[in-house]
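Thank you all for coming. I would like to take a few minutes to walk through one model with you, going from charged pairs to a sheet and then to a few single residues.

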Amino acid sequence: MQLPVIQPEESLPVLTGSAAPAAPCCARHEAGSLGWTCPMHPEVVSPTAGTCPICGMALEPIGGNDDHGGDDFRRRLSRTVVPAGVVFAVSMLPMLAGMLPTEGLPPWITSLQQATWTAWLELALTSWVVFYGGWPILTGGVQAIRRGRATMFSLITIGVLTAWGYSVLATVAPGIFPDAIRGHHNTVGRFFESAAMIVVLVLAGQLLESKARRGTTAAIRALLDLSPPEALRLDPGDTSRSETVPLAAVRAGDLLRVRPGERIPVDGHVVEGSSECDESLLTGEPMPVAKQAGDRVLGGSLNGAGAVVMRADVASAGSLVARITRLVREAHAARAPIEQLADRISARVVPAVVAVAGITFVAWLLLGGEQGLAMGIVSAVSVLVIACPCGLGLATPLSMTVAIGRGAKSGILARSSAAMQALAMADTLIFDKTGTLTRGRPQLVASGVMGAPNDQGDRILALAAAVEAGSEHTLSQAFTQAAEQHGLTLAPAEGVRAVVGRGVTGTVEGRQVDVGNLGFVQERAGHFSEPAEADVARQRGATVVYAAIDGQAAAWFTLEDRPREEAARVVSQVRDRGLHPALLSGDTQAAANALGTGVGISDVLGSCTPSDKLRDIHRRHQAGSRIAFVGDGINDAPALAAADVGIAVGSAADVAIETADITLLSGGLTRLPEAIDLARQTMRNVRENLALSLVYNMLAIPIAAGLLYPITGMLMSPMLAAAAMTASSLSVIGNAMRLR
């Protein structure tokens, strides 16, 4: 007799217990709370809007949550950019009139060209643009300079104030300038329009960047939208009475009614009714999941056509959707090592740019002849503006934010940017066995009849399963599942008694049934030889159980913890990606070897305690390996923490999920190759962004300094430099968006 392998469905992910650890930021923010952070320095978190103390950039709502200020932030920018742009355009009219030829023009344009009051008009209008519209920029730059920090706003502030200050002197005291630098109508060149244009372009760039970054946090907003604002709570004494309460008022143990088409308020269990729930946004599984009394439901999933009554297991803050939201937000706040590299580069770029601007000014002053002073100021301001390292600062956090959001949508929950970088750099992937590569539940996979000619295999299985069903024996579920698979009806068992570590005995329909290991059954049925098939199964690590009926050996059963269906495929995909797969198991060496052979892993170590797993990881670290560890149990927590990156599967124990850096919320191991690909794509995108920013600066600074002047006879205008600087930032944003 051969019994088929039983394939139970994967259990749903359960995230319960204590909340995730606090993120390394200035303040904790629970899901839905208001907080502001710097897009270039995510570790800076403030309860109110303002500017970043590190770089001076305007803070944005955490997670781009527009319900808590995102739209207000962009509206404020729009209200500043639009009037500043209009005022700037008006201030440009006198300058444009001055550029026209004097012959054949209407008298009023000629008089406008020769008027001295236009300079004062430019001063008034552009000063409003610079000091009102550009106040956040200037204050950020001044704060950075006062703190001794070299930031992008430091360069912009120096450039804007230099251009504006020079122009004020040219307006208020033109006599102090030599005749050599005077132009038409004996006037001194002014750069009011350049100073104002820089401010307008930087503000417009910030607005465009903010709108672009809004798309990178769509995953968080989608998670926040999953939780309904209210729940229908039933009176426990009279379930016909109900009241609508805010979601925050729901407590563990509350009875809640969920109507068709509504979202499940919090995690819990169905106590009445049946339906199907769409959990795709939480687990990534596309098919609706059937729910009936006793089944677990996830807060945020969408109820189908049936009405159900559920009992809340947790308050709203402890639900799966709330915990995922917290983890994703904390992942945005945590920084990867490569982000610190970008900071170090920026810290060196800014002083170097200031030095280059100074050298450029002096060089033009000495070599530029009559126009040396004006050309030196134009070139120095252009260098300061075009070399602004905002693209460099955005290069890493933007890519990481996009990647973490995309992963959350696919059921790949990364706790930090550092976890993504560590996974991308890993060269060894160590698997736990039970519950990770296997299903974690023994299954009855084969059996044979022994010396019981009056009983058929199904009859013996029904008797053995009936005794097992009446016990707390660890293998009882495997027998009852096998009987159900064969459509067998189990009779009640009487006098059931379990002998710890050996077996179980009882009476079924008047027949004495003993089920257990070889020694246990031999004591009750007399000595018998172990069948060859059972001996082979035991040597490969399977558990062999014998059954005796009325004191006579009747059958043997082989039970194994079968590999996940996707295990061999995933191991092959991991190897194809250049990672070395290994297996550390607490099971026997024989069982570990058998599983390793089955899924394609040759580097196998069995009989491992949690300490043994730690020692093996440390040994591999000393050999220079970068390790990712995949596990699911409480005993895996030390290894998950010791590895460079720990990965927990969705059915893992709470402590494993809390310890892991990345959690695969559903699908077993199926999404592991996708997580590796996402991490590598992210790091490649980060390197591309860094290269874009650095190459841009290397090419742009010499051009802004006047390198092409001998060839073209033209200098780069500070206005054009500001436009190029904004284009650099937007190119970095556009490249990061490709990860979506």
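Arg 524 and Glu 523 form a salt bridge in this predicted model, and the closest N and O atoms of Arg 524 and Glu 523 are 3.5 Å apart. How exposed are the two partners? Arg 524 is partly exposed, with a relative accessible area of 28%, while Glu 523 is exposed, with a relative accessible area of 52%. The pair also belongs to a network of salt bridges, in which Arg 502, Asp 514, Glu 523 and Arg 524 are linked.

In one of them, the side chains of Glu 560 and Arg 562 meet at 3.6 Å, N to O. Glu 560 counts as buried because its relative accessibility is 17%, which is under the 20% limit used for that word, whereas Arg 562, at 27%, counts as partly exposed.

The other is the salt bridge between Asp 432 and Lys 613, whose closest N and O atoms are 3.0 Å apart. Asp 432 lies in strand β14 and Lys 613 in helix α21, residues 610-622, so this pair ties together parts that are 181 residues apart in sequence. Are these two residues buried or exposed? Asp 432 is buried, and Lys 613 is buried as well.

Glu 566 is buried and yet has no salt bridge, and the nearest side chain of opposite charge, that of Arg 564, is 4.1 Å away. What does Glu 566 touch, leaving aside its neighbours within four places in sequence? Its contacts are then Gly 667, Gly 668, Leu 669 and Thr 670.

Let me turn now to the sheet that contains β14. It is an open sheet of 7 strands with mixed pairing, and the order runs β13-β25-β24-β23-β14-β21-β22. The edges are held by β13, residues 412-414, and β22, residues 603-605, and each of these has a single partner strand, so one side of each is left without a neighbour in the sheet. From one strand to the next, the twist averages 20°.

Within this sheet, β23, residues 627-631, and β24, residues 645-649, pair in the parallel sense over 4 bridges. Gly 631 has Ala 648 as its bridge partner in β24, and Val 630 stands opposite Ile 647 in β24. Helix α13, residues 417-425, touches β13, β23, β24 and β25, and its direction makes about 95° with that of β24. Helix α24, residues 672-705, touches β13, β14, β23, β24 and β25, and its direction makes about 150° with that of β14.

β24 also pairs with β25 in the parallel sense, here over 3 bridges, and Val 649 stands opposite Leu 664 in β25. How many of the residues of β24 are buried? The strand is mostly covered, with 5 of its 5 residues buried. Val 645, Ile 647 and Val 649 point one way from the strand, and Gly 646 and Ala 648 point the other way.

Finally, I would like to move to helix α3 and its aromatic residues. The whole structure holds 5 aromatic pairs, and in one of them the rings of Trp 128 and Tyr 132 have their centres 4.8 Å apart and their planes at 25°, so the pair is stacked. Trp 128 and Tyr 132 are 4 residues apart in helix α3, and are thus separated by about one helical turn. Trp 128 counts as partly exposed, at 34% relative accessibility, and Tyr 132, at 52%, counts as exposed.

Thr 126 lies in helix α3 too, residues 117-133, but Thr 126 is buried, with a relative accessible area of 1%. Its C-alpha atom is separated by 6.4 Å from that of Phe 88, although Thr 126 and Phe 88 are 38 residues apart along the chain.

Methods: Residues numbered from 1 in each chain as written. Predicted model: local features only at pLDDT ≥ 70, side-chain atom pairs only at ≥ 80, totals over all residues. Heavy atoms only, no water. Pairing = 2+ DSSP bridges. Helix = DSSP H or I, 4+ residues; strand = E, 2+ residues; numbered from the N terminus. Axes fitted to C-alpha atoms, helices over the stretch in contact; angles between N-to-C directions. Contact = heavy atoms within 4.5 Å. Buried < 20%, exposed > 50% of the residue type's maximum accessible area, 1.4 Å probe, protein only. Lys, Arg positive; Asp, Glu negative; His and termini not counted. Salt bridge = Lys/Arg side-chain N within 4 Å of Asp/Glu carboxyl O. Phe/Tyr/Trp six-rings, centres within 6.5 Å; stacked < 30°, edge-to-face > 60°.
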